[in-house]
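Please give a short report on this protein for someone who has not seen it before.

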Amino acid sequence: MPSALLRRAVALCFSVVVAVAVLAPAGRADPPAGARLPDLDQELPSQLDVSVSGAGAHPSYRLGFGSGVRNVGTGPLIIDAHRASTSAPMVGDQLVETDGGEATVPGAGTMRYVRSPDHQHWHLLGFDRYELRRAGGSRALVRDRKTGFCLGDRYRVTTRSVPQTAPQATYTSRCGLTHPELLRVREGISVGYGDFYAAHIEYQDLPLTGLGDGRYVLVHRTNADRRLRESDYGNDAASILLDLRWHNGVPAMKVLANCPDSARCERPGLGLGAAPHASAARVPLARALTVAERSMLCRLSWRS
Ligand SMILES: [Zn+2]
């Protein structure tokens, strides 16, 4: 074989080996000891209001809420999703920081290209879940139908100290906006930053129709299936204890207690920060959202 041809054959063979090494799944091994893991901390539901839609005899009411998840760990949350072709599913690995660089932990979830009225991009599915259940009950009466999340450094954590906070926001992309053909998408949350979604944006709400008078717990929970490796899973849920009363077909809600690190806000002694005046804790009844407001989608939630 002429030497030029041989060199080309060796080079080709080498590139195939490299490609196989990069694409081969690394197994579901734990991250290496000493890896700097993220710690996802679910923030309390915020921006609570009740919106009304529909007119006449059958208006429908929805409890809207903002949700935030911050990273208070020692390493960034990095989701590196990839696929071999545009017809294959986009599957995510989690990359964790180590002293030697980055380690790959497969099985971080699936990304889907979502087409909404005014934006299309790649969402990580199931990153944050919302539910309403009766106080004292275990079954969710209403669950979210959210299509997914475009993770990013949307705000800097200022309400507590995070020693390893990144010097600046890193994950500020729009998750492959208008690019369904991508073969690779990277999203994440840096240490000391959080990802936030505003009330009513892309299903940031739950329907109240059919729920009777009584006490309910609104639970927000990140990493519910524990696909993502973290240093602490004890702060993945936050909840609020609510009182719901209907008057002439119109709901009135009050916040009775806030529970930052628990999904069981009805437990005695758990609730923190119950409002001192009943009026201060009332969830406002908002006017109907316009179609334009509903279609603002992710843009409104991008604080930075
Ligand atoms: Zn989106």
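Of the contacts between residues at least 6 apart in sequence, 68% join residues at least 24 apart. Two residues are in contact if their C-beta atoms, placed from the backbone, lie within 7 Å. This is a predicted model: local features need pLDDT of at least 70, side-chain atom pairs count only at pLDDT 80 or more, and totals for chains, interfaces and linings use all residues. Residues are numbered from 1 along each chain as its sequence is written.

The protein has three helices and 17 strands (DSSP runs, numbered from the N terminus: H or I of at least four residues for helices, E of at least two for strands). Buried residues account for 36% of the 304 residues (buried: 20 or more other C-beta atoms within 10 Å of its own, C-beta atoms being placed from the backbone).

Strands pair if DSSP finds at least two bridges between them. H82 has V91 in β5 as its bridge partner.

The largest nonpolar core has 30 residues (a set of buried Ala, Val, Leu, Ile, Met, Phe, Trp, Tyr and Cys residues joined through C-beta atoms within 7 Å). L218, I240, L241 and L242 touch the most other members. A second, separate core of 25 residues includes M111, W122, L124 and Y171.

Definitions and conventions: A residue is buried if 20 or more other C-beta atoms lie within 10 Å of its own, exposed if 12 or fewer, and partly exposed in between; C-beta atoms are placed from the backbone.
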